[in-house]
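Here is a short briefing for a first look. Please keep the sequence and the 3D view open as you read.

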Amino acid sequence: MICGIDEAGRGCLCASLFVCGVLGEENTLKNLGIKDSKKLTQSARFAKAQALKELAQVGAIAYKLIEISAEEIDTLALGVCMQKALKEIISHFASFDFKTESKLFLFDGNTTFGLPREFVDSHASACISLQTLIKGDDKNLLIAAASILAKSAKDSQMIELDKIYPQYGFAKHKGYGTKAHIGAIEIFGLTPLHRKNFCKNLFTPTLL
């Protein structure tokens, strides 16, 4: 049993970053059609996310979803926020029974954002192994499951924000720096939920 970790919204210009950890066995997910969230349609992601939540309700898997606001990203910087989210997920699952002496956390990508790859969690007195896997969401079902839950949470947030700020097209680009999104910022300025530090190098927009 391992914990797969992935995120959604790291490179967005607007709203929250979501980081998710999914604890379980890959075999549990084999028949669900779980894959990298980027390879699923939005409706398929939502359906898979619901299936994963139902598995969690019966104890077949467990997950922890962290939301980090745009304000926190602007204040602390993205790397610090990613490290904070990883620590929170590790601390949450460190006391779980992994059926091994070493608790393995597998994070999509090539960096641990400054966290050591081997350490002892002071709260659970557990030996922690934090490993990275490039394109992990395409190689490991637990990471893929985490990517689906994180991306579905991000999509849901941006769909709701689209109802409040329809002029920005959030439901389409989900907050990423597309030409349409940047054009909308140039016309309407930044919303209170835009990441100011991410946008400042694009132009000098007016805060709404």
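Ala77 is partly exposed, at 39% relative accessibility (buried is under 20% relative accessible area, exposed is over 50%, and partly exposed lies in between, with a 1.4 Å probe and protein chains only). The model is a predicted one: local features need pLDDT of at least 70, side-chain atom pairs count only at pLDDT 80 or more, and totals for chains, interfaces and linings use all residues. Residues are numbered from 1 along each chain as its sequence is written, and side-chain values use heavy atoms, with hydrogens and water left out.

- Ala77 sits in the loop between α2 (70–76) and α3 (78–94). Helices (H or I, at least four residues) and strands (E, at least two) are DSSP runs, numbered from the N terminus.
- The phi of Ala77 is near 85°, a positive value in a residue other than glycine.
- Phe113 also has a positive phi, about 55°, and is not a glycine.
- The loop between β4 (102–108) and β5 (118–121) holds Phe113. Phe113 counts as buried, at 18% relative accessibility.

- β1 and β2 run antiparallel and are joined by seven bridges. Strands pair if DSSP finds at least two bridges between them.
- Opposite Val19 in β2 stands Glu7.
- Seven bridges also join β2 to strand β3 (residues 62–68), and these two run antiparallel.
- Lys64 in β3 is the bridge partner of Gly21.

**Helix α6**

- In α6 (residues 179–188), the buried residues are His181, Ile182, Ala184 and Ile185. They cover an arc of only 155° around the axis, which puts them on the same side of α6. The arc is taken from the directions from the helix axis to the C-beta atoms.
- Lys179, Ala180, Glu186 and Ile187 are exposed, on the face of α6 turned away from its buried side.

**The largest pocket**

- The largest pocket holds about 230 Å³ of space. The volume is the space filled by probe spheres set on grid points, which are joined across faces, edges and corners.
- A pocket is an open set of points on a 1 Å grid over the protein atoms alone, where a 1.4 Å probe fits, with protein on both sides within 12 Å along at least five of seven lines; lining residues have an atom within 4 Å of a point.
- Its lining has 13 residues, and Asp6, Glu7, Ala8, Lys38 and Asp137 lie nearest the centre of the pocket.
- β1 (2–8) and α4 (141–164) are the elements that give two or more residues to this lining. The largest share, three residues, comes from β1.
- By class, the lining has two nonpolar, three polar and eight charged residues. Ala, Val, Leu, Ile, Met, Phe, Trp, Tyr, Cys and Pro count as nonpolar, Asp, Glu, Lys and Arg as charged, and the others, Gly among them, as polar.

**Cysteines**

- The whole structure has zero disulfides (pairs of cysteine sulfur atoms within 2.5 Å).
- Cys3 is in no disulfide, and the nearest cysteine sulfur, in Cys20, is 8.0 Å away. Cys3 is buried, with a relative accessible area of 0%.
- For Cys12, the closest cysteine sulfur is in Cys14, at 8.0 Å, too far for a bond. Cys12 is buried, at 0% relative accessibility.
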